[in-house]
Amino acid sequence: MEVTSPTESSGPFLQSDDKKPEVVQMKKQLGLLEGVAIILGIIFGSGIFISPKGVIQEVESVGLSLVVWAMCGLLSMVGALCYAELGTSIPKSGGDYAYIYEAFGPLPAFLYLWDAMLIFVPTTNAIMGLTFAKYVIQPFFPECDLPDLSVRCIAAVVICFFTFLNCYDVKGTTKIQNTFMFGKIIALSIIILTGVFHMIFVDKFEKFSEPFEGSNTEGGKVAVAFYAGIFSYSGWNYLNFMTEELKNPYVNLPRAIYISLPLVTLIYVLANVAYLAVLSPAEIVASNAIAVTFGDRVLGFMSWTMPLMVAMSALGGLSVHIMTSSRMCFVGARYGHFPVMLAQINVSKLTPTPSLVFLNILSLMMLCTSDIYALITYSSFVESFFIMLSVSGILWLRYKRPNIPRPIKVSVWIPIFFIIICLFLVFLPIYYKPLEVAVAVAITLTGVPAYFIGVRWTNKPQWFHQAHQSMTYFVQKLFMSAKEHVEEDDD
């Protein structure tokens with residue numbers, strides 16, 4: 001096995017070569033169904049089963065809550081259109097990291113990678129693990145608080161398990177995700193059908209008679225509510241992280257996006273109608289597990305199925321998020337922005353095992369708290385800013401590099417509209433959640449000296465190079481990994 005420098009490991013594409021299984025590179029083995037399953041697997045993770053509480057406690061009314069959910073879906077669809085152009089004009093794995101790198105250069109891309117690895121990727125893993133744990137043990141503690149240590153231990157176990165599964169076999173993981181995808185749709189369908197039945201035949205639309213009564217329309221409150229809703233939709237851009245492993249990405253990437261986002265928006269709005277038809281806003285805010293409370297109210301002796309299905313949904317979302325986010329870490333290491341040992345691939349399984357294990361460790365560190373709603377606000381602020389920066393890259397690249405191939409080219413008003421909404425979401429919560437925003441900004445700023453010391457400073461002491469080389473050798477031996485085999489695109 002060979003230890004390479006960051007520049008040697010850099011390359012624009014990971015090519016598939018099924019006729020040469022001995023080549024150390026990740027395969028193109030994801031089709032349209034797998035692409036849809038990845039998007040739905042992340043979006044239908046845990047958010048819809050926890051975020052309704054975060055939305056309703058900010059806006060305080062049924063009608064405004066549903067408006068927020070619909071607008072979050074519209075915003076996600078607009079953003080998905082922008083990412084369809086980005087993903088087909090810059091066909092590289094790594095998602096936002098690759099797009100920011102191409103548009104604005106290495107420092108902003110490094111800061112995105114820095115925040116992604118330290119904030120919103122491990123935070124999202126922790127949220128999904130905690131959601132699974134809370135829904136699993138909620139039936140055993142119906143009348144008292146959940147034991148915090150047990151919740152965190154269960155979350156740690158499932159994060160470790162799905163990290164191992166992703167290290168072992170990509171194809172097997174995607175098959176499991178396909179199964180989870182249909183299971184999630186079934187769970188949400190049960191919620192929708194029973195809720196609509198209750199609204200029409202039991203409640204007689206009583207809870208929707210004055211839907212906007214008591215609405216809190218303060219700008220910052222609405223922005224924080226949007227964060228809770230957007231968290232439930234987050235993941236629509238994660239298929240872009242795996243572009244190089246997608247068969248015929250110019251066709252399958254936009255198709256997967258166009259199929260998934262309208263379906264998600266419809267299901268989410270109907271699911272919230274169902275929740276609000278059965279539970280009052282006060283009951284939703286008081287509930288630790290909304291879907292379980294909903295099931296106890298309307299499903300009778302079958303109520304035990306709801307925590308089971310929600311837990312399985314969170315597991316599916318966790319698995320696919322671990323898989324996709326590890327590619328961002330892998331690509332960042334390929335470009336020399338993270339240690340080269342993270343750009344290694346297991347020689348037998350052809351999976352980025354070092355990156356997966358690295359993110360697993362960071363995710364476990366995020367379990368120092370089990371306050372899911374603080375984690376959501378904390379991560380959503382930073383992620384929203386960098387998504388806005390990625391979409392801004394569309395406008396900048398059209399000016400800077402107008403002649404690059406653009407198989408999909410959206411109307412210019414679409415990215416402009418998306419950027420304006422993101423500006424609203426980024427700046428208004430500063431006045432309402434100053435602590436979370438301050439911590440997120442502080443972590444981002446620590447990336448500046450880290451970039452100049454770790455990346456730009458090339459004349460490092462000899463002892464540093466020796467230590468880095470020894471650590472790389474150790475990682476290669478521990479995970480049976482080697483550098484990727486990169487070929488230039490013939491086209």
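How much accessible surface does the protein chain have, and what share of that surface belongs to carbon and sulfur atoms? The accessible surface comes to about 19,500 Å², of which 67% belongs to carbon and sulfur atoms, with areas computed by the Shrake-Rupley method with a 1.4 Å probe, and with only the protein chains shown counting as cover where single residues are concerned. The structure is a predicted model, in which local features need pLDDT of at least 70 and side-chain atom pairs count only at pLDDT 80 or more, whereas totals for chains, interfaces and linings use all residues. Residues are numbered from 1 along each chain as its sequence is written, and side-chain values use heavy atoms, with hydrogens and water left out.

The protein chain holds 18 helices and 2 strands, these elements being DSSP runs numbered from the N terminus (H or I over at least four residues for helices, E over at least two for strands). Of the 491 residues in the chain, 59% are buried, where buried means under 20% relative accessible area, exposed means over 50%, and partly exposed covers the range in between (1.4 Å probe, protein chains only). Among contacts between residues at least 6 apart in sequence, 83% join residues at least 24 apart, a contact being defined by heavy atoms within 4.5 Å.

Helix α9 is mostly covered, 13 of its 15 residues being buried, and the helix is followed by G235, whose phi is positive, near 120°.

Positive phi values also occur in residues other than glycine. E60 has a positive phi of about 65° and lies in the loop between α3 (47–59) and α4 (62–89), where E60 counts as partly exposed at 42% relative accessibility. M480, with phi near 50°, is found in the loop between α18 (462–479) and β2 (481–483), and M480 likewise counts as partly exposed, at 44% relative accessibility.

A search of the whole structure finds 5 salt bridges, each being a side-chain nitrogen of Lys or Arg within 4 Å of a carboxyl oxygen of Asp or Glu. One of them joins E85 and R406, the closest N and O atoms being 3.7 Å apart. E85 lies in helix α4 and R406 in the loop between α15 and α16 (413–427), so the pair ties together parts that are 321 residues apart in sequence. Both partners count as buried, E85 at 2% relative accessibility and R406 at 16%. R398 is found in helix α15 (residues 372–400) and counts as buried at 19% relative accessibility. When residues up to four places away in sequence are not counted, R398 touches E85, R406, K409, V410, S411 and V412.

The side chains of E283 and R297 meet in a salt bridge with an N to O distance of 2.9 Å. E283 lies in helix α11 (residues 281–286) and R297 in helix α12 (residues 290–298), so this pair ties together parts that are 14 residues apart in sequence. E283 counts as partly exposed at 31% relative accessibility, and R297 is partly exposed with a relative accessible area of 43%. A salt bridge also joins the side chains of D148 and R152 (2.6 Å, N to O), two residues that are separated by about one helical turn, being 4 residues apart in helix α7 (residues 148–168). D148 counts as partly exposed at 31% relative accessibility, and R152 is partly exposed with a relative accessible area of 23%.

On the surface, F197, I200, F201, V202 and F205 form a nonpolar patch with about 500 Å² of accessible area together. Patches are made of residues with over 30% relative accessible area and no salt bridge, like charges being joined within 9 Å and nonpolar side chains (Val, Leu, Ile, Met, Phe, Trp, Tyr) within 5 Å.
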